[in-house]
Amino acid sequence: SSLFDSIMVALHREPALLVVPKAAQARLLQQFTGQRVLLVEDNAVNRELAQEMLSNIGLTVDLAENGLQAVEKVQQMPYDLVLMDCEMPVMDGFAATRRIRQFEAQQGLRPLPVVALTAHVLPEYQQRCLECGMDDYLAKPIQMRVLSAVLERCWGKPSGTSGA
């Protein structure tokens with residue numbers, strides 16, 4: 001999985017993936033600046049690329065390398081969104097999302113948007129993501145226009161506030 005992720009990023013690492021037209025970047029900065037995102041990704045190349053994309057549109061980004069770290073971070077800090085890789089060592093994204101949902105229920109917290117990050121694009125895989133409690137799905141390699149659409153679905157068009 002890590003090798004495939006790295007190959008996909010290498011083959012598709014075009015400037016269009018990172019560069020946002022100035023007008024679009026200004027709009028995204030206005031909408032999303034200040035939101036805190038937890039990026040959960042075991043592949044260093046994917047993590048670096050996604051972190052750069054998120055930072056470029058004004059998001060505060062914290063990192064986790066596996067699902068167990070993600071669960072621990074969500075229990076310690078309020079986030080506006082989690083971008084969750086599905087296949088990782090220690091604890092995969094499916095198990096981590098289920099644990100996050102259990103924690104939220106136990107604490108009486110509003111459900112945090114969790115978006116799957118995966119190279120798998122089959123509808124059955126997307127359904128598996130939704131069944132474990134994820135809210136949306138983002139295929140790798142991440143493209144800025146798709147990422148911004150997912151953020152708008154999760155947060156709506158106007159700028160929101162931290163919510164956990």
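Two strands count as paired if DSSP finds at least two bridges between them, and the elements themselves are DSSP runs numbered from the N terminus: helices are H or I with at least four residues, strands E with at least two. This is a predicted model, where local features need pLDDT of at least 70, side-chain atom pairs count only at pLDDT 80 or more, and totals for chains, interfaces and linings use all residues. Residues are numbered from 1 along each chain as its sequence is written, and side-chain values use heavy atoms, leaving out hydrogens and water.

Start with the sheet. Five strands form an open, parallel-paired sheet in the order β2-β1-β3-β4-β5. At the edges sit β2 (60–64) and β5 (136–139), each pairing on one side only. From one strand to the next, the twist averages 25 degrees (axes are lines fitted to C-alpha atoms, for helices over the stretch in contact, with angles from 0 to 180 degrees between N-to-C directions).

Now for the helices. Helix α4 (residues 44–56) packs on the sheet, touching β1, β2 and β3 (81–85), and its direction makes about 165 degrees with that of β2; contact here means heavy atoms within 4.5 Å. Helix α8 (residues 144–155) lies across β1, β3, β4 (114–118) and β5, at about 170 degrees to β5.

Zoom in on β1 (residues 36–40) and you'll find five bridges joining it to β2 in parallel.

Last, the cysteines. The structure has zero disulfides, a disulfide being a pair of cysteine sulfur atoms within 2.5 Å. Cysteine 86 has its nearest cysteine sulfur, that of cysteine 129, 3.8 Å away.
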